Amino acid sequence: MKKSIATLSATALLAAPAAVALTAAPAHADVERRGACGSGTYELSVDREGRGHEVNVDLDNLRAGSTWRVKVWQDGKRVANVVRTAERDGDLDLERYRPDTAGTDTFRFTAKRVGASTRCGASVTV
């Protein structure tokens, strides 16, 4: 009888941390959108970092040396408007840290190849 109670108690103690780990809220929320951008691809990711958000726009598999205008908005306010050239491997990255605002935050980006009609974009809400 004592052996059964000890086994049951040990099982309960081992299971409790696992239950807490499964129901605990994540330390930060990551939101991603992926899609096509001409012959390449894009990924828009927003990660909660401290009291703000790390916003990343990654364009991959573009034509090496192609030039792109990338714009980013937070809640309708433009926070980036840059022209970048794809690297030799066809990648182009843009990162911005943005403060958190009251309520939800909506981030949007557009990318347009300079001198061409190729464009893409996406949005996420966190």
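Two salt bridges are found in a search of the whole structure, a salt bridge being a side-chain nitrogen of Lys or Arg within 4 Å of a carboxyl oxygen of Asp or Glu. The model is predicted: local features need pLDDT of at least 70, side-chain atom pairs count only at pLDDT 80 or more, and totals for chains, interfaces and linings use all residues. Residues are numbered from 1 along each chain as its sequence is written, and side-chain values use heavy atoms, with hydrogens and water left out.

| Salt bridge | Closest N and O atoms |
|---|---|
| E32 with R34 | 2.9 Å |
| E43 with R34 | 3.1 Å |

The salt bridges link E32, R34 and E43 in a network. Relative accessible area is classed as buried (under 20%), exposed (over 50%) or partly exposed (in between), with a 1.4 Å probe and protein chains only. R34 is exposed because its relative accessibility is 59%. E32 is partly exposed, at 38%, whereas E43 counts as buried, at 17%.

E87, D89, D93 and E95 form a negative surface patch; patch residues have over 30% relative accessible area and no salt bridge, and like charges are joined within 9 Å. D93 lies in strand β6 (residues 92-99) and is partly exposed, with a relative accessible area of 40%.

The protein chain contains one helix and eight strands, which are DSSP runs (helices H or I, at least four residues; strands E, at least two). Their order along the sequence is α-β-β-β-β-β-β-β-β. Of the 126 residues in the chain, 32% are buried.

Note on methods: Patch = residues over 30% accessible without salt bridge, like charges linked within 9 Å, V, L, I, M, F, W, Y side chains within 5 Å. Areas by Shrake-Rupley, 256 points an atom, 1.4 Å probe, with all protein chains shown as cover. Lys, Arg positive; Asp, Glu negative; His and termini not counted. Charge placed at Lys NZ, Arg CZ, Asp CG, Glu CD.
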